[in-house]
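Please examine the sequence and the structure shown below. A short report on the contact between two chains accompanies them.

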Amino acid sequence: MHKVCSRLHGPALFGKTDLWNSLDACMKFHNGGGVLCQKSAVKHPPPVLPQIPPFDFKPEPYQGMSKDRLLDIRKHNCNPMIMKVTYYKKPVFINHGYMQWLWDVDGRRYLDLFAGIVTVSVGHCNPKVTEMAEKQLRRLWHTTSIYVNPQMQEYAEKLASLLPDPLKVVYFTNSGSEANDLAVLMARLHTGNFDVITLRGSYHGGSPQAIGLTSNTKYKYPIPSSMGCHNTMCPDVFRGLWGGSHCRDSPVQTIRECSCSPGHCQANDMYIRELKEMFATTVPDRIAAFFTEPIQGNSGAVQFPKNYLKDTYQLVREKGGICIADEVQTGFGRTGSHFWGFQGHNVLPDMVTMAKGIANGFPMGAVVTTAEIASSLAKGVHFNTFGGNPLACAVASSVLDTIKEDKMQENSADVGTYLLTELAKLRDKYEIIGDVRGKGLQIGVEMVKDKVSRDPLPSEAMAEIFEDTKDMGVLIGKGGLYGQVGEGYLKVHVLSGSSLLCA
Amino acid sequence: MDGFNMPILFQHCKSSIPPCDFKPEPYQVRGLYLRVTYYKKPVFINQGYMQWLWDVDGRRYLDLFAGVATVSVGHCNPKVTETAEKQLRRLWHTTAIYVYPQMQEYAEKLASLLPDPLKVVYFTNSGSEANDLAVLMARLYTGNFDVITLRGSYHGGSPQATGLTSNADYKYPIPSSMGCHNTMCPDVFRGLWGGSHCRDSPVQTIRECSCSPGTNTHTHTHTHILSKSICFFLFSGHCQANDMYIRELNEMFATTVPSRIAAFFAEPIQGVGGAVQFPKNYLKDTYQLVREKGGICIADEVQTGFGRTGSHFWGFQGHNVFPDMVTMAKGIANGFPMGAVVTTAEIARSFGKGVHFNTFGGNPLACAVASSVLDTIKEDKMQENSAEVGTYLLTELAKLRDKYEIIGDVRGKGLQIGVEMVKDKASRDPLPPEAMAEIFEDTKDMGVLIGKGGLYGQTFRIKPPMCITKNDADFFLAVFNQAVQNYMERR
């Protein structure tokens, strides 16, 4: 009986257009016991499904192609890669978005906790940002930088003001991959060296160059590439060889134990030792750069020992290399405590790359570096047609204003810390939740077969939980080298009242 | 207040800027960073509308460069702007992990404009990203590695695309460009060989040849049996220049690359290279040779696509060839950052060997805008307009070429036009950059924005939004004539 009720799709049920409200009504009816619910037919009492928080917004009714037709075109006219990356057994067909909510073509509402992969930083169709975009659409979209347009300069100044000296020179691109490509180019030109080091499990983009930096087999192709790119052991204090009970800069630590005294981290020492071994073997004694995400994104919010980056940066600089922080996911206040992820590690990179949330989903990326390093680009001419266009800059500028005015960084710290601590309780409750980690609204929940072995929960099990979560109204993400990490990237807006999760 | 109607300008230019009903927003001065880009006195742009740009002082310019051939249907085109605004209030971004209708709707619409079997679309955010992907797919599909492009080509600024690009300006002294090779550019004006009816253009070069005009009866078999030691002689109905350039390509095949290659990449009309055009059958012959070596043929339509060449929607169609893959960007969404690769299902399948993800690629905003651009091109007959106004411009510019010694070549098709400047017509040496800069600045000061290109910066590029009129063209012709004259008088 419960199964039937929870699968009803009729949006007009009980006169309510919001499926989840109609589900509530259905449940109430059910509990009331009437004809539909005969105790003898019910073996287990149905679980009380959580209620999606109410939200007063009417999405546009969907009047486009049918789902079947959409899937047909998707399979025949959209590159086969698209079907590979489409989530869920029964994909979600999105029609409309507003702030932290998405509506599918049937009018069903979802809480979007993945933000189009950490990209919709201030909310779908955020009204302030939308208004700025509309203004700019009527003014100027594009000229390239052969002419001066004020939006680029205004935004460059605003962005640079949020970075510490001497990180004051900005170059705009259209994506994180393009930004990382440029970062590698500048690093090699500036240092005169060639080799670049990243952490295993990292993801830095999909361009041929960025695939070299990325350390995840899934994304690699069997053709010659990645020259001069090397990986060192990922200092993953949960799954890695070493880890303990106070390694991470996070409200939640791992379930592992250690005898480290405060201020000392044995795991860190071991991982640094691994890095040194790489320095003694794999790379020449002069390198170009070390690239890292302050909290790994694609691999599932993996965090490092608190001093790992500090120690690494020093070693890399001794070898002539520059240090690059990939803030594509951690930037713009998401980690809560600071605007940039690297600040939480108490380091000062030589270069910062960013994209995704920079313009709330408008295609944009950027590299910020020192004047000295940037001048190396003058050895040739580099041109990016769309980079720094007036539309992107106007939108990005408005995003910065919105983050500030609506105190979204503070909200990330607040709601993020709450979420992390509550998720930690669920971890303690269930054997298959192995690790809860992250900071602010960059959160990962790593699933395991059991807490002792810490072996990844198999993908079929992950898919079930993932699908069920979606069917109950919440969209999250998946990551990890074995797809074993459920990632939640919350929209930065205060949730009103109700609990998200089953008690 | 329209700066160009000031009386003082009538001393220098008899023509006045065509009228325009649109009132730009006044510019509110705040802090400004000065960045030197084009021009000694850079242009500070405040607003745009269709083929017009206003600077921060309220001065109006006729934009004949369209942000480098990108603003295809006009700055802030109202139809496209309206669609963008609608979509801004609906959905900006989710990535392809969910299905949203805009991507499929646009993919279908775009694919319908390409011949079978070019029906599978992958969206990116730029031309460089599209070309990166094209090389990746070519190598995966063929199992080969080497890619060939033409000298003088420009295919983007990413590390991979820099390898394809054949222009020293854009190259950096670090290891890159593995497996990328160049063949001689079949530039019938500046190159070793050229004549008087090589090009698919209303205007031919000033060079002479004894090739017979009309239908070119040159067949593939001739080049097939050609070996590097045989000198190819003229036959009636042939393009001798074409044969010589194909011979150069064959020489490369015999020396520089292995016998199995991955791809041949070409812009149907070179963009950054200055609207350089090839002999009519060059691509046809090249495509065949490349395929014999296991390679696929890729047409870079980043500048020539979307009706710009006038006679066809895509530049490759004007060459009567059939590429295996087409890349596009720039004008695809009137300036909204977007790119795409279209190829066959068979080639696209090779991609499945790994996972490739593009966060912003194919986002609802871009797709909605691009879809509206296609509608606009069709409804407002912009391709036809490109043919008409473009041909008019080309034929009038050819008269200026005949008038002035320093205008060496006028070429192109539709609204993809190049005017190559020389010291003199006999030597065809490039006009020096200082002279170019003067004429360029003067043209801007008189109210017209054009572009510059060519390996030596010696070619003016005219690639306007496709909505310009004959009236606008006349204004430009008058301004350009004046600018060249001014330079000649000063010299």
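## Basis

This is a predicted model, in which local features need pLDDT of at least 70 and side-chain atom pairs count only at pLDDT 80 or more, while totals for chains, interfaces and linings use all residues. Residues are numbered from 1 along each chain as its sequence is written, chains are lettered from A and ligands numbered from 1 in the order in which they are written, and side-chain values use heavy atoms, with hydrogens and water left out.

## The interface

Chain B contributes 100 residues to the contact and chain A contributes 104; contact means heavy atoms within 4.5 Å. The area buried between the two chains is about 8,900 Å², and carbon and sulfur atoms give 66% of it. Buried area is the accessible area (1.4 Å probe) lost by two parts on being put together, summed over both.

Four salt bridges link chain B and chain A, a salt bridge being a side-chain nitrogen of Lys or Arg within 4 Å of a carboxyl oxygen of Asp or Glu. Arg90(B) pairs in this way with Glu60(A), their closest N and O atoms being 3.5 Å apart. On the side of chain B that touches chain A, 58 residues are nonpolar, 24 polar and 18 charged; Ala, Val, Leu, Ile, Met, Phe, Trp, Tyr, Cys and Pro count as nonpolar, Asp, Glu, Lys and Arg as charged, and the others, Gly among them, as polar.

## A buried glutamate

Glu129(B) is buried yet has no salt bridge, where buried means under 20% relative accessible area (1.4 Å probe, protein chains only). The nearest side chain of opposite charge, Lys356(A), is 11 Å away; Lys and Arg count as positive and Asp and Glu as negative, with His and the chain ends not counted. Leaving aside residues up to four places away in sequence, Glu129(B) touches Ser175(A) and Glu178(A), together with Thr124(B) and Asn358(B).

Technical notes. Buried means under 20% relative accessible area, exposed over 50%, partly exposed in between (1.4 Å probe, protein chains only).
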